[in-house]
Structures are given as C-alpha cells and as structure tokens.
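Dear colleague,

I am handing over the structure below, and my notes on what was found in it follow directly after. Please read them with the model open beside you.

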Amino acid sequence: METPEETPVTPEIPNSPEKPKINSQDYRLISKANDDFESAISPFSICCSGNYDACLEILEQLELLRGSDSKLLHNRAVAKFYKTQCRNHDELLKSLEELDDDKMLNRCDLAVLPQMTSSPTPDLGPSTMIPIYNKAVIFYHRHMFETALLTLKPLVQKLDNCDECSIALIGVLMLRLLLATNRLKKAYDFLEILLQKLGTSTLTLTAEDSNPQEVLPGIGENLARCLKLLCMLSMVVNRKVVLVPEDGTTEFSALKAHQYYIMKDFQMAAKQLKKINVDSYRGGLYNHELNTLIANNMGIIHLRVRHYAIAAKFFQNAIIFDKHIAANLRQAELHQMSSVRSCEILYNLGIAMLHLRRPKEAFQSFLVPLKTYHNNPRLWLRIAEACIMEHELRRVTEEKHGPSSSQKRVLFSNRIPYTESSQSAAVPEPTMPFAALSLRNALFLTRAYSHHVNVTTGSDEGNEEETCKSISTDNNFCNPSGPVTKESLDIMLSAIYAAYSYVSLRLGDYVTALEMAQELLKTDKISDAHKLLAHMYAGEALIMMDKLAEARPHFEPTFVSTLNTFDFETKDWHLKSLDAAQNVVRYNLAVALNLKGDFEVAKSLLNTCTHPIVASKVFALKVHIEKTQAAAAASLITPRI
C-alpha cells in the first residue's frame, strides 16, 4: 500500500569548495534561486514553469560569477527535472551518476550556509547525502528496490550526523524499501531505532488521540503523517497490536482492511474495501490507482476463501485498471511509475487460473513476473505445475477421443507415454521439457535458500550504525509473496521433489525420477500424500530400469493402511480416500508381478481392485494377461515346420 505523500527529489543549496566565502551578490543570487524553486514547487504554482526558468537563469549567472561546482550542477539537474513536470528522470539520474563518477561530491567539505528561507528541504549535513538520497528515490519509483537499498545504506549508517527532518526523510524511504521487499521484521526493528532517534516511540506515535505533527514537531505535517502510516503498517504486517484510526482517508481505510485480512476476518476486510469504493466515488477521489488497489485486494480475499472464479475476475479488472497507469509510462511522472503493479497482479491471476484448471492462462500470467522475480523458487514451481496440468488435460482428451492405447499404456496407473514437439526446452511454452527446466531452477534455489533460512546475519548487538544489516532474518526468498518459514520451505521442497520425479518419468529420465523420489522419502516430516507418491514414482522408475526386485517393496499395500485418511480427503487430487490409494498400489503391484511372469498372483490381486479410479486399467491389464497366457499356451502346442 502506498503512503499518501510521495518522497520528493531534493534540491541542494549551492556552494563552492574552491571559494567557501560568499559575498553579498552571491548570497542574493542563491536566495533568489532558492525562492524561485520553492515558489515553483508550491501547491499554488506547481503548473507554472516560469519560476523554474528563472531559477535556471540565476544558476547560470552564479556559475559565471563563481565557476561550476558539484552543488550547482546538481541543483541545475533537479530544476530541469521539475521543469519537465518530473518526467525526465532518466536525465536526472544520468546527471547524478556523472557527479558520482567524477567524484566531485567527495571533494565538497563546506561550512553549512545560513538558513535563508523556510525551505521544504532541510540541510542533510554533508553535501554527498542529498544526491545519494535523490538517486535512491529514483530507484525506488522504478521498482529497483535492491539497488535503492544499497544506494541508501551509507545514509542510514550516518543518521546520527543528520538533523531531525533529514532523519525522517531517509527513514521513511528506508521503511518503504524494507516493506516493499518483504523484510517485515527488519522494517519493524529499523522503525524502533528511527523513532528513538526522533525522540518518540511506536506507542506514542500510534496512540488513539495522538497528532503526528505534535509528536514530531521538527518535521513537516505530511512527512509526520506519512511516518505514522508506515509505523502502523509495519506493526500490522508484523502482527503487533495497533488501533488503526477511522479518519476517513483512503490510506488508513485501506490499512484497516489489511489488518482485517491478516486477522483472517475476510468478510470485514471486503466490507472495508467496499466502503473505500463508495467513499471515493462520493468524494471524487476515484482513479485508476485506487481501482487497481481495490480490485486486487478483493481478488486476494476471494482467493483466500476459495472463490477462484470471482478472484480471477477481480484480478482481470485490476490488470485493466493497471494498464491505464502503465499505458504511457515513458511520459509518466516519476511517482506514477511506482503505482504500476502488473507483476504482482498477474502472479495472483496465475494462482487463480491454476485453481480453475486453466493452465495455459496461468502459464502466460506467470511469465511476466518471472522477468522480475526469477529468483523466486515458488514461482518456478507454479510454472511447472501449469505445464504438468496442461499435459494432464491433453492426456485426458487423448484418452477420451484418441485411438486405443498400446500395451505399455496400461502398465501403470500414472504412466502415459509422452511425446513432445521438437522445440527447445528453453522455449517458454507449457510443455513437459520446460517443466523439467523450471523444476531444476526451483530445486537449486530452494536448496540454496534452505541453508540460510532463519539464520541471523547481524552479529553486533546494539550497534545502531548497522541498521541496514539483518537484525532478524525475514526469509524473503519468494518475492512478491510474503516471507517463508522453515516449515513452508520444507513443504515446497517436497512438492518440487514429487513434481520433478513425475516429470522425469514422463520424459523417460528414470534415473532422475528415482533420485528425486528417494530424496522425497528422506525428507523430514514428509506428508502421507507425498510418501505415497514417492513410493509409486520410485517403483515405476525401477521397473522401467528392469530392476523388478528392487521395485516390489515400494508397491507393498501394507504401508498404505498407516497413512492419514484426513491427508487424502483434504487434497485437491484424484485420490480422495485410503481405499483409492490402496487400489492404486495394488494395481501397480499387479503390473510388477505381471512383468515378472507371476500371472496368477497378478490376476488374483487385480480382482481386489474395485475402485473406479483403476477400473479401466484393471480391465485392460486382465485382457493383456489372458492374451499373454493364451499365446504362451499356443506356442507349446504349435508344431514346428
């Protein structure tokens, strides 16, 4: 959720390292340029660009009198940026990078100029801080959050050298970045340190009758209100007790809905979002950004309560609203770029489409966030699931309408010969080769993250200068999803092993299929459903490798009786009961016995398979055994010629 006040790009009071003394003419020019700039960015004259032109002219005069320096170049770049109505941020970033490359900023060691006017931007101390802060703002609005964090890190480590308003400015941006990257615990820890430096606490700032401007008199009203909102958001997402005020604003109303959702009161969360919708219509505040927020959040609520079709409809509406924001992104203002949420919405839509068994739409939805969140193992797993589902739907269609199957098709309840097009596995299509590639990526990333989960990287206790380091690990390995726990990471690893084994079987890679099934059986706290799948996949891989003796123990029906019935009844798959699982295991055991030549034992075992899930395959296998026995008998009595 966005905070109400966008972080401004900050101008800097010029000075010269070569000529630290300022005469009266220089002082008048500096004051005039500062007044013109402030007048141009005021709410009453924001549309008037004349003052920016005047500011630029005065900066040119100042350059003729005193020569060029880093501050003058910086302020000229900022004035040009505002003159383009905050659209030409590429040129501003380029200017800031050039200043950094030339190391001009590092040579500035100046006395602080006397305060000339009531500037909206405070003095941040060393002259290097303001350009660095501005670069971090640009990276934030471009959704380059990790780059922004690295850029802002030196400023956060030197907060003690800044004044109160500067601390608040840097702190607000840092909080936004930590929340945007799902570093929830770290955001709350940083919040407590930040408020301590500002002389207050979370309890004081979030009190029911507290006025943020009275609690934080040293900073502006909008900045104080923004800090209070971020403070409450950090407490809500960390499940801290906080009373969100009903002040009628969209931001706090949306935060209230978020709090209801985290408390699993989905009905009240939906009512709160509907209330925002009605109030915004009446107040004339309705816009595409608000439309996107409401539609996406309503979709998440319906997804949580398993109303998948309704959720998909809301996500599709959210994408339509978001396209209006992103339609002319090259000409958009800087703060509008951070309002685009297409990656997150398409990820949500892909999840809904998977539940609706529409794998092609799900696959296409996942491809867009994959470009940004390619280090997310859960996203790779979801892509593989879409590929597997597409294969399964195609297989069912072929079984219903295609020709009769060959002998090998009846050998296993889950074994279907797979033929794929000749295209490369690297081509992003919902195919089984691409599923194997996705699962390989998911497995590599999950194994790498499992070594770092719940590991604290911050070692210096009480060192406030290390606020950018991890005070407590957030395990934000699956952005844009929330942080993962050790338990959820283990469950995801089990799902990857099972899916990888299945895909390898379909592709004829039996060695990998056996390896993944064995790894799944070694997993701690393996679920009963995954245990059944691991035995079936391992047994099938061994049979296809002509290791019948090693395969038979995996098909012993006795282990099924020890499984939990509830684990089958709650899974969204074909095996809804222990009886169905028993029939599948017995059928696969009959297949193994048939391949060994124990036809009579196999036939007696098939007679116990009465569940509809294996009925057609049992009949086909019986026919195959009878034909094999008849052929063997005929070969004994046929005279040789």
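Pro 480 is placed in the loop between helix H20 (432-450) and helix H21 (486-506), where helices (H or I, at least four residues) and strands (E, at least two) are DSSP runs numbered from the N terminus. The peptide bond that leads from Asn 479 to Pro 480 is cis, its omega being near 10°. Please keep in mind that this is a predicted model, in which local features need pLDDT of at least 70 and side-chain atom pairs count only at pLDDT 80 or more, while totals for chains, interfaces and linings use all residues. Residues are numbered from 1 along each chain as its sequence is written, and side-chain values use heavy atoms, with hydrogens and water left out.

Two further loops hold a backbone feature of another kind. Lys 264, in the loop between helix H12 (250-262) and helix H13 (266-283), has a positive phi of about 65° although it is not a glycine. Lys 264 is exposed, with a relative accessible area of 57%; here buried means under 20% relative accessible area, exposed over 50%, and partly exposed in between (1.4 Å probe, protein chains only). Arg 306, which lies in the loop between helix H14 (288-304) and helix H15 (308-326), has a phi near 70°, again a positive value in a residue other than glycine, and at 62% relative accessibility Arg 306 counts as exposed.

As for the overall picture, the protein has 28 helices and 0 strands, and of its 641 residues 50% count as buried. The protein exposes about 31,100 Å², of which carbon and sulfur atoms supply 53%, the areas coming from the Shrake-Rupley method with a 1.4 Å probe and, for residues, with only the protein chains shown counting as cover. Among contacts (heavy atoms within 4.5 Å) between residues at least 6 apart in sequence, 66% join residues at least 24 apart.

The interior can be described through its nonpolar cores, each being a set of buried Ala, Val, Leu, Ile, Met, Phe, Trp, Tyr and Cys residues joined through side-chain atoms within 4.5 Å. The largest nonpolar core has 97 residues, and those with the most contacts inside it are Phe 366, Ile 383, Leu 439, Val 503, Leu 532 and Tyr 587. Apart from that core lies another, of 66 residues, among them Tyr 133, Phe 190, Ala 224 and Cys 231. Leu 439, when residues up to four places away in sequence are not counted, touches Leu 381, Ala 384, Ile 496, Ala 499, Tyr 500 and Val 503.

In helix H27 (residues 599-606), Ala 602, Leu 605 and Leu 606 are buried. Seen down the axis of H27, these buried residues fall within an arc of 100°, so they line one face of the helix, the arc being that of the directions from the helix axis to the C-beta atoms.

Around helix H9 (202-205), the loop that joins it to helix H8 (184-197) contains Thr 200, which is buried, with a relative accessible area of 13%. Leaving aside neighbours within four places in sequence, Thr 200 is in contact with Leu 195, Leu 205, Val 215 and Leu 216. Leu 203, by contrast, is found in helix H9 and is exposed, with a relative accessible area of 66%; Leu 203 and Val 242 are 39 residues apart in sequence and 8.7 Å apart in space, C-alpha to C-alpha.

A search of the whole structure finds 6 aromatic pairs, where rings of Phe, Tyr and Trp (its six-membered ring) pair if their centres lie within 6.5 Å, and planes under 30 degrees apart count as stacked, over 60 as edge-to-face and the rest as tilted. The rings of Phe 81 and Tyr 82 have their centres 5.6 Å apart and their planes at 70°, so this pair is edge-to-face, and both Phe 81 and Tyr 82 are buried. For Tyr 140 and Phe 145 the ring centres are 5.9 Å apart and the planes at 50°, so that pair is tilted; Tyr 140 counts as buried at 6% relative accessibility, and Phe 145 is buried at 14%.

With best wishes
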